[in-house]
Amino acid sequence: MSSRNTHETTEVPAVGADSPFRRERIARDEAPQFVLPLVVRIEKADPPARTDALETAARAVLVLLSDERSLGEGEWAGAVRDWQDARIRKVVRRARGAEWRKAQTLPGVTVHGDAAEVRVFPPVPLDGWPKELAKLQVSGTDLDDPEPAGPVEPGIPVLWLNPDLEMSAGKAMAQAGHGAQLAWWELTRAERALWQASGFRLAVRTAPRERWAELNGSGLPVVRDAGFTEIAPGSATVIADHPALRARR
């Protein structure tokens, strides 16, 4: 698979104790590279709203990370460890009809939003995609919100998007997933359990510019893109604003 289809973080400050970003950068670069596949269902006649898709993709990443198959000696745990030992790559592809039904036959988890459906799969080698997923399209994952997203309830984690960057829905879904993962790494076991018990409630919103400036200086986890697609290398794309993390700042 070409790297131009990869949505990837590079360096992220203030990560948790179990984060692979604590390792030397050269070690991550030299490790075998894996990717986390996500497939969003986009039917021609009834596509999901953009914000719903972004939030569902972020929750899907958390569901995969917390799944018992990804932990300890679980059947996906080795692949998850290998993926986190290298660069944290995620790729969002789209499917509909028969393509979507075929994707459901592969090991993974389907996460539902208000109307969005995203299936997340255990990590695969960068050049070793299952044929059912390899032929799915990356480009064209463009979605709109029929009306502006509403206010966020107090106490809900928010993944804030950079207001100065334009990203396709697929790119933004991958970045939201990165942000959710960074927040997960920094939480304690008890905080993770509480978030999981809530069904991983979260919101994705574009930050007002003055709010983005404040967030940038808050010490909260920041996603910085590798620059393979759409935006410049090192661009800050998402800030993960989890109440438990904010309370420590």
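Select Trp160: its bridge partner in β8 is Arg205. On β10, Trp160 stands opposite Ile239. This is a predicted model, where local features need pLDDT of at least 70, side-chain atom pairs count only at pLDDT 80 or more, and totals for chains, interfaces and linings use all residues. Residues are numbered from 1 along each chain as its sequence is written, and side-chain values use heavy atoms, with hydrogens and water left out.

Now show β7, residues 158-161. Strands are DSSP runs (E, at least two residues), helices are H or I runs of at least four, and both are numbered from the N terminus. Val158 and Trp160 point one way, Leu159 and Leu161 the other, and all are buried. Buried means under 20% relative accessible area, exposed over 50%, partly exposed in between (1.4 Å probe, protein chains only). In a regular strand the side chains alternate between the two faces of the sheet.

β7 runs parallel to β8 (residues 203-206), with four bridges. β7 runs antiparallel to β10, also with four bridges. Strands pair if DSSP finds at least two bridges between them.

Next, select Arg41 and Glu117. They form a salt bridge, with closest N and O atoms 3.0 Å apart. A salt bridge needs a side-chain nitrogen of Lys or Arg within 4 Å of a carboxyl oxygen of Asp or Glu. Arg41 lies in β2 and Glu117 in β5, so the pair ties together parts 76 residues apart in sequence. Which of the two is buried? Glu117 is, at 18% relative accessible area. Arg41 is partly exposed, at 29%.

Last stop: select Arg211, Glu214, Asp241 and Arg246, a network of salt bridges.
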